[in-house]
Amino acid sequence: MNDFMKNFSLEGKVAFVTGASYGIGFAIATALSAAGAKIVFNDINQDLVNKGLAAYAEAGINAHGYVCDVTDEEAVQATVAKIREEVGIIDILVNNAGITKDGLMLRMKDEDFDRVIQTNLRGAFVCVREAAKIMTRQRHGRIINISSVVGQMGNAGQINYASAKAGLIGLTKSAAKELAGRNVTVNAVAPGFVETDMTAGLPDDVRAAYIDAIPLKRLGTPQDIADAVAFLASPGAGYITGQVIAVNGGMYC
Ligand code: NAP
């Protein structure tokens with residue numbers, strides 16, 4: 001392997017991608033695996049984990065899957081301990097698990113606001129804290145949080161999701177400052193609108209309006225997001241921390 005390739009190789013690293021049975025998380029884990037990392041993922045129930053394990057096996061990836069709800073602190077702690085025992089020390093954490101519960105603010109129920117914050121922001125916080133305990137000891141680590149363009153620009157009907165994703169940017173910058181001294185980088189990737197189950201339900205007129213607002217005139221693909229994450233996870237990104245990489249086709253600069 002030449003020096004350039006070594007700079008992007010994840011050979012021998014263990015990557016934990018949350019909520020990665022399918023969608024963007026699956027694409028991220030697949031890209032990290034292609035770069036040489038061992039893949040660990042979790043999802044919220046056994047059916048999803050089984051679905052993920054089958055998809056990884058079909059892609060020729062020997063992934064380790066765990067049932068773990070990121071809103072359950074004890075479950076996250078137990079999962080991180082199991083990963084350590086069964087797979088190895090976590091080198092790369094990607095906080096990808098996320099949900100939406102859209103609605104206009106005036107009609108939004110408290111529980112829909114809270115659930116989105118609990119999953120997308122608090123869940124990521126707990127995973128970062130548990131992974132950081134290990135990474136600071138080994139004096140090496142890469143943490144990548146999946147935010148969103150709506151956390152940067154706001155979006156009508158998504159006040160809960162935009163708040164959580166904006167919060168994730170603050171979390172990223174703060175954790176970056178706390179962990180830099182131990183050679184742990186923390187960055188965020190902020191996807192624009194990506195072709196996944198999350199966007200499949202958009203009405204045709206809304207989808208057309210989004211595409212119209214994107215200078216590159218297409219929705220993103222999971223691979224677009226995965227490529228940015230694989231770069232941030234690599235040795236070549238070792239001097240980048242506290243940043244938000246927008247992967248949004250130019251829709252918000
Ligand atoms: P997705 O297809 O819904 O995948 C998210 C995964 O996270 C699902 O497997 C989901 O399981 C899991 N999850 C949800 N709550 C969880 C919990 N409490 N504990 C563990 N896992 C949980 O979403 P996606 O479109 O691939 O999005 C992936 C990430 O990118 C999310 O953070 C999302 O906010 C972000 N993003 C997406 C877009 C887009 O256009 N799609 C744009 C910007 C940012 P369930 O199926 O049970 O919910």
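Q: How do the residues of the lining of the largest cavity divide into nonpolar, polar and charged?
A: This is a predicted model, and in it the lining of the largest cavity divides into five nonpolar and six polar residues, with no charged ones.

Q: Which residues line that largest cavity?
A: The largest cavity is lined by T18, V70, N95, N96, A97, T119, N120, G123, A124, C127 and L168, and α5 gives the most to this lining, with five residues.

Q: And what volume does the largest cavity have?
A: The volume of the largest cavity is about 50 Å³, and the count of cavities of 30 Å³ or more comes to one.

Q: Is T18 buried or exposed?
A: T18 counts as buried because its relative accessibility is 1%, and the cut-off for buried is under 20% relative accessible area.

Q: What lies 2.9 Å from a polar atom of the T18 side chain?
A: That is the backbone nitrogen of A97. Leaving aside neighbours within four places in sequence, T18 is in contact with N42, V70, L93, V94, N95, N96, A97 and C127.

Q: Changing topic to the pockets, how much space lies in the largest pocket?
A: The largest pocket holds about 920 Å³ of space. Its lining is made up of 42 residues, and G98, I99, T100, Y161 and M198 are those that lie nearest the centre.

Q: Which elements give two or more residues to the lining of the largest pocket?
A: Those elements are α2 (23-34), β2 (38-43), α5 (110-138), α7 (159-179) and α8 (197-200). By class, the lining of the largest pocket has 18 nonpolar, 18 polar and six charged residues.

Q: What about the second largest pocket, which residues line it?
A: The second largest pocket, with a volume of about 180 Å³, is lined by F125, V128, R129, A132, G170, L171, S174, A175, E178 and L179. Both α5 and α7 supply at least two residues of this lining, and the largest share, six residues, comes from α7. Sorted by class, the lining of the second largest pocket has six nonpolar, two polar and two charged residues.

Q: On to the packing, which residues touch the most other members of the largest nonpolar core?
A: The largest nonpolar core has 42 residues, and V40, I83, L93, M135, I143, L179 and F193 touch the most other members. Two or more residues each come from β1, α4 (73-86), α5, α6 (149-153), α7 and β6 (184-191), and the largest share of this core, 10 residues, comes from α5.

Q: Picking V40 from that group, what is V40 in contact with?
A: Apart from neighbours within four places in sequence, V40 is in contact with V14, A15, F16, V17, H64, Y66, I83 and V87. There is also a second, separate core of 33 residues, with A20, Y56, V189 and V247 among them.

Q: What does G157 touch away from its neighbours in sequence?
A: Not counting residues up to four places away in sequence, G157 touches D102, G103 and L104. As for G103, it is 54 residues from G157 in sequence, and the two are 4.6 Å apart in space, C-alpha to C-alpha.

Key: Residues are numbered from 1 along each chain as its sequence is written. This is a predicted model: local features need pLDDT of at least 70, side-chain atom pairs count only at pLDDT 80 or more; totals for chains, interfaces and linings use all residues. Side-chain values use heavy atoms; hydrogens and water are left out. On a 1 Å grid over the protein atoms alone, a cavity is a set of points where a 1.4 Å probe fits but cannot get out, and a pocket is an open set with protein on both sides within 12 Å along at least five of seven lines; lining residues have an atom within 4 Å of a point. Grid points are joined across faces, edges and corners, and a volume is the space filled by probe spheres set on the points. Helices (H or I, at least four residues) and strands (E, at least two) are DSSP runs, numbered from the N terminus. Ala, Val, Leu, Ile, Met, Phe, Trp, Tyr, Cys and Pro count as nonpolar, Asp, Glu, Lys and Arg as charged, and the others, Gly among them, as polar. Buried means under 20% relative accessible area, exposed over 50%, partly exposed in between (1.4 Å probe, protein chains only). A polar contact is a pair of N or O atoms within 3.5 Å; within protein, one must be able to donate a hydrogen and the other to accept it, and residues adjacent in sequence count only if both atoms are side-chain atoms. Contact means heavy atoms within 4.5 Å. A nonpolar core is a set of buried Ala, Val, Leu, Ile, Met, Phe, Trp, Tyr and Cys residues joined through side-chain atoms within 4.5 Å.
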